Amino acid sequence: MKSNPLEFRRKEGLKPSFRIFSYSGKRPKKGKSGKNNFPFLARSPQGFAAGLGTSNHFFRLEGVCGFMNLFLTQTINGLGLGSIYALVALGYSMVYGIVKLINFAHGDIIMVGSYMVMFIMTVMGMPLILAVIGSILFCALAGVLIQRVAYHRLLTHDAPRISLLITALGVSIFLQNLFQLLFGSEVRSMPTLFDLPAIQLGELHITSANILNIVVSVVMMIGLQTLVARTRIGKAMRATSEDAGAAKLMGINTNHTVAFTFAVGSGLAAVGAALYCNTYPQIKPTMGNLLGLKAFVAAVLGGIGSIPGAMLGGYILGVAESWTKNFYSNLTDAIVFGILIVMLLVKPSGLLGKNVKEKV
Amino acid sequence: MALLTVKDLNVFYGNIHAIKGISFEVNEGEIVTLIGANGAGKTSTLHAISGLLRPKSGSITFDGNNLVTTEAHKILRLGLAQVPEGRRIFASLTVMENLELGAYIRAKENLDADFEQIFARLPRLKERRKQLAGTLSGGEQQMLAIGRALMSKPKMLLLDEPSMGLSPLLVGEIFDIIKSVNQGGVTVLLNEQNAKKALEIANRAYVLETGSIAMSGEASALAQDEKVRQAYLGG
Ligand SMILES: Nc1ncnc2c1ncn2[C@@H]1O[C@H](COP(=O)(O)OP(=O)(O)OP(=O)(O)O)[C@@H](O)[C@H]1O
Ligand SMILES: [Mg+2]
């Protein structure tokens, strides 16, 4: 099961469950119970209650109030998770916007970022803040390097889109194998990162990880939006995205603009990686597969190329996942991808995407 | 010495030999026009000059610089701006942002006076400066493309069929603008299918036919030439 995509696990210590292959077949171990391990219980009213009862140890089912509480808790969990999707989705969206490339290696950058945080903290013994900054810089550099080595010639020689896509998949596999070689293929635990107090609002318990995820993702989005809308390099990015030839006629070095876009996108993925490690403190070399795929779904859902769209898509996906996990955990991914399909049937350009025909 | 000198230029698209060894020059202060039918090679020539296309062979010299080995984004910095075929304004950006991008290479300068100058010359743009450029009419887009190119304060302007798709009235307006830009000291190389109009404002002209220069001379002389009248001026 080496290639099984990493599931999201709560800090409380859920065992990874190989959901697709073990639908209610394997009883969860005693003492390791949690909402994700009782999907079958949710089918009957009693089971439903039992499922709720075990989902949060601080929570007791008390009628409507209790349901509201659960609803809010799962929504906040979902927003926390969605924030990570959103940060990764921004990179997909930006890169697609500027070079019309679906950079499937982008999901793996979050893996690279996670390992860098771990490496700098545990191997080099540096403090957390340096680990996070180091990881962001390393990923930004890695993003530029990948663009230069793998994509640049294909892009400047007008290679068919399919060649770019295959190259991106190749880079993804390369990164995963490289990190397996460097760090081993087994799951690794992360040290505690941000040790912040949780917030208690009446009966509502909000973990510090969720707050941090949401705050950081919103700040990043506002920063990015400002960068793109207001700054000189932002204008150059939008010009390059719309017509690279005309952008060159304006004196814009489009190679720099594209490299900068990869750097920013990868840096944001590294921020997502730090938040991910803080929320789900276990990492492995293939963790970028499902995470990257879902972030890509978020980008498409929100309208690829749109910054607020990527964020919105990330939040919707996170919340949908969080809610369904609570009731039908076996179907979580099916529902998440189902949302994408329905969404695209209704609005092919995504929620906030502009309906533009692709230049061929 | 001429401001722009093109010598033995050859451009290929794969096996298609689009420009077959043409040579021409543009002197400082002139308006020179390249006239020719569809597919004659006007755009290919301009793209080779502005670096969007690499010629197979030949030399292009602008103000003492070898353009063949200069990257496209550096050519504007030498003082050579282009108004491309089909305008290619940035449709999803505002009029103002398009003009700002025109002045991209002048990042550290104060541009207020330049904007005022552009708006004085192109008053239609002033009212629409907050509008998305894609919502402008064809004529306004052409004016924006010219204004955008002028924002870099070029020594020389390359224009590729600025009259394309415009009503006769607007064509007149655009050509008046080109003339006044030239009188302001900017050298002009003008690609046109509208030979009548182009020959009216140009000093000299080259007639391009399937990648070769078929004729050249003073614009007023070419306008009287029987062959040119037959082929390009409707008899
Ligand atoms: N991208 C391309 N690939 C292949 N052939 C091309 C390409 N662009 C132009 N050509 C060919 O090169 C020749 C010259 O084209 P060019 O666009 O320079 O002509 P033009 O004089 O600008 O025409 P028009 O007045 O229609 O704009 C034509 O035969 C054209 O088919
Ligand atoms: Mg042309």
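A disulfide is a pair of cysteine sulfur atoms within 2.5 Å. By this rule, the count over all chains is zero. This is a predicted model, in which local features need pLDDT of at least 70 and side-chain atom pairs count only at pLDDT 80 or more, while totals for chains, interfaces and linings use all residues. Residues are numbered from 1 along each chain as its sequence is written, chains are lettered from A and ligands numbered from 1 in the order in which they are written, and side-chain values use heavy atoms, with hydrogens and water left out.

**Cysteines of chain A**

- A:Cys139 is in no disulfide; the nearest cysteine sulfur belongs to A:Cys277, 10 Å away.
- A:Cys139 counts as buried, at 0% relative accessibility (buried means under 20% relative accessible area, exposed over 50%, partly exposed in between, with a 1.4 Å probe and protein chains only).
- A:Cys277 is buried too, with a relative accessible area of 1%.

**Ligand 1**

- The shell around ligand 1 has 14 residues, each with a heavy atom within 4 Å of the ligand.
- The closest are B:Asn38, B:Thr43, B:Ser44, B:Glu85 and B:Glu161.
- The shell divides into five nonpolar, six polar and three charged residues. Here Ala, Val, Leu, Ile, Met, Phe, Trp, Tyr, Cys and Pro count as nonpolar, Asp, Glu, Lys and Arg as charged, and the others, Gly among them, as polar.
- Oxygen atoms of ligand 1 make polar contacts (pairs of N or O atoms within 3.5 Å). A polar side-chain atom of B:Thr43 lies 2.6 Å from one ligand oxygen.
- On the backbone side, an N or O atom of B:Gly39 is 2.8 Å from a ligand oxygen, and a polar atom of B:Ala40 is 3.2 Å from one.
- The protein covers 62% of the 630 Å² of accessible area that ligand 1 has on its own (Shrake-Rupley method, 1.4 Å probe).
- β2 (16-26) and α1 (42-50) of chain B each give two or more residues to the shell. α1(B) gives the most, with three. Helices (H or I, at least four residues) and strands (E, at least two) are DSSP runs, numbered from the N terminus.

**Strand β3 of chain B**

- Five of the five residues of β3(B), residues 31-35, are buried, so the strand is largely enclosed by the rest of the structure.
- B:Ile31, B:Thr33 and B:Ile35 point one way; B:Val32 and B:Leu34 point the other way.
- β3(B) runs parallel to β8(B), residues 187-192, and five bridges join them (strands pair if DSSP finds at least two bridges between them). B:Thr33 has B:Leu190 as its bridge partner there.
- β3(B) also pairs in the parallel sense with β9(B), residues 204-209, over four bridges. There, B:Val32 is partnered by B:Arg204.

Terms used. A polar contact is a pair of N or O atoms within 3.5 Å; within protein, one must be able to donate a hydrogen and the other to accept it, and residues adjacent in sequence count only if both atoms are side-chain atoms.
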